[in-house]
Amino acid sequence: MLSSVAQQAKALRQQLKAVFPLCQFRVRSSNYSLGSSIRVCWIDGPMVSEVEVIAN
């Protein structure tokens, strides 16, 4: 079973692929003692502000 943050990362990856089909994204989730995080990486393609609109 995927953790909540892993499910959110999977959904984010699908949304990014739908909006920017020509760009390849790497979306990784991490869990640690005080919380969790999702990291998004890509080369070329959309600007950070465009990705942030979807990610937020």
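**Group meeting: a core and what surrounds it**

The largest nonpolar core here has eight residues: Ala9, Leu12, Leu16, Phe20, Cys23, Phe25, Val27 and Val51. By nonpolar core I mean a set of buried Ala, Val, Leu, Ile, Met, Phe, Trp, Tyr and Cys residues joined through side-chain atoms within 4.5 Å. Buried means under 20% relative accessible area, exposed means over 50%, and partly exposed is in between, with a 1.4 Å probe and protein chains only. Helix 1 and strand 1 are the elements that give two or more residues to this core. Helix 1 gives the most, with three residues. As general background, nonpolar side chains tend to be buried together in soluble globular proteins.

Some notes on the source. This is a predicted model, in which local features need pLDDT of at least 70 and side-chain atom pairs count only at pLDDT 80 or more, while totals for chains, interfaces and linings use all residues. Residues are numbered from 1 along each chain as its sequence is written, and side-chain values use heavy atoms, with hydrogens and water left out.

Now the overall layout. The protein chain has two helices and two strands, in the order α-β-β-α along the sequence. Helices (H or I, at least four residues) and strands (E, at least two) are DSSP runs, numbered from the N terminus. The C-alpha atoms fill a box of roughly 35 × 20 × 15 Å along the principal axes. Of the 56 residues, 20% count as buried.

Next, helix 1, residues 4-19. Its 16 residues reach 23 Å from first C-alpha to last, close to the 22 Å expected at 1.5 Å a residue; the expected span is 1.5 Å times one less than the number of residues. Which residues of helix 1 are buried? They are Val5, Ala6, Ala9, Leu12 and Leu16. They cover an arc of only 120 degrees around the axis, so they sit on the same side of helix 1. That arc is taken from the directions from the helix axis to the C-beta atoms. The face turned away from the buried side carries the exposed residues Gln14 and Ala18. The buried residues of helix 1 pack against strand 1 (25-32), strand 2 (35-42) and helix 2 (48-55), where contact means heavy atoms within 4.5 Å.

On to the cysteines. Leaving out residues up to four places away in sequence, cysteine 23 touches Trp42, Ile43, Asp44, Gly45 and Pro46.

One of those, aspartate 44, lies in the loop between strand 2 and helix 2. Aspartate 44 is exposed, at 65% relative accessible area. Its phi is near 60 degrees, a positive value in a residue other than glycine. For context, most residues other than glycine have a negative phi.

Last, glutamate 50, which is in helix 2. Glutamate 50 is partly exposed, with a relative accessible area of 37%. Its side chain reaches the backbone nitrogen of methionine 47 at 2.7 Å. Glutamate 50 and valine 19 are 31 residues apart in sequence and 10 Å apart in space, C-alpha to C-alpha.

Notes:
Polar contact = N/O pair within 3.5 Å; in protein donor to acceptor, adjacent residues only side chain to side chain.
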